[in-house]
Amino acid sequence: MPMPNALSSVAVFCGSRFGNDPAHRAAAWMLGEGLGRAGLRLIYGGGKVGLMGVLADAALAAGGTVSGVIPHFLQSREVMHAGVTDLTVTDSMHDRKQRMFAEADAFLIMPGGLGTFDETFEIITWRQLRLHDKPILIVDVSGWARSLIETIDDAIEGGFADASARALFEHLPDVPSALARLSRLAGAEHGGDPALL
Ligand code: AMP
């Protein structure tokens, strides 16, 4: 059932590789499908490779709207996805991240590598700096994010981050719980009953 419009666009950061665990590919498909079915626009890195490609293909197959944002120097390396609803080619990596940030109402972090880590920490630190107050959901498929979250906990324990840093993001165990959380967020923004979504 489509969600209302205030939370209408979700940026997903995830791997340009598949990872070794087949559960990650299945999770990326489930997320794309869920976003498409919910009528939420997917904003992502515009590539056809790895989990990024699976995610976009699934959202499109479910009839969803998919916006890709890719810097021109990555157009061939990440094999730009020609089938997306709209594709923006930016001059730089910074422009890509800024564009994805500006267009998204919420951020989902899925399994990935160094690029995903960079995007995750950037969007969390921008919230810490009060540059935005958009929800950030880390989707811990098969426990892939355990060490990432431990790193943040270690920084808090070591006195390099405030305990409140833990509230800058939400830690969800899997895709169904992330989709349910998005549904509740959309409902809350409307002051409506999420059960009606
Ligand atoms: P990865 O998690 O390394 O597979 O990368 C996932 C996404 O992050 C891809 O779209 C990459 O283009 C992007 N990415 C890779 N390296 C960086 C970086 N240094 N800063 C920001 N994004 C990156």
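**View 1. Residues lining the largest cavity of the predicted model.** Phe13, Lys97, Phe101, Glu119, Glu122, Ile123 and Trp126 line the largest cavity, where a cavity is a set of points, on a 1 Å grid over the protein atoms alone, at which a 1.4 Å probe fits but cannot get out, and lining residues have an atom within 4 Å of a point. This is a predicted model, in which local features need pLDDT of at least 70 and side-chain atom pairs count only at pLDDT 80 or more, while totals for chains, interfaces and linings use all residues. Residues are numbered from 1 along each chain as its sequence is written, and side-chain values use heavy atoms, with hydrogens and water left out. The structure holds one cavity of 30 Å³ or more, and the space in the largest cavity comes to about 50 Å³, a volume being the space filled by probe spheres set on grid points that are joined across faces, edges and corners.

**View 2. Helices and residue classes around the largest cavity.** Both α3 and α4 supply at least two residues of this lining, and the largest share, four residues, comes from α4; helices (H or I, at least four residues) and strands (E, at least two) are DSSP runs numbered from the N terminus. The cavity lining has four nonpolar, no polar and three charged residues, with Ala, Val, Leu, Ile, Met, Phe, Trp, Tyr, Cys and Pro counted as nonpolar, Asp, Glu, Lys and Arg as charged, and the others, Gly among them, as polar.

**View 3. The largest pocket and its lining.** About 580 Å³ of space lies in the largest pocket, a pocket being an open set with protein on both sides within 12 Å along at least five of seven lines. Among the 30 residues that line the largest pocket, Gly15, Ser16, Gly113, Gly115 and Thr116 are the closest to its centre. At least two lining residues each come from β1 (9-13), α2 (50-61), α3 and α4, and α4 gives the largest share, five residues. By class, this pocket lining divides into 14 nonpolar, nine polar and seven charged residues.

**View 4. The ligand and its shell.** The space taken by the ligand is the largest pocket, on the criterion that more than half of a molecule's atoms lie within 2 Å of the grid points. α3 (93-103) and α4 (114-128) are the elements that give two or more residues to the shell around the ligand, and α4 contributes the largest share of that shell, five residues. Of the 16 residues around the ligand, those that come nearest are Ser16, Glu78, Gly113, Thr116 and Asp118, a residue being near if one of its heavy atoms lies within 4 Å. The shell comprises five nonpolar, six polar and five charged residues.

View 5. A polar side-chain atom of Arg96 lies 2.9 Å from an oxygen atom of the ligand, and a backbone N or O atom of Gly113 lies 2.8 Å from a ligand oxygen atom.

Definitions and conventions. Polar contact = N/O pair within 3.5 Å; in protein donor to acceptor, adjacent residues only side chain to side chain.
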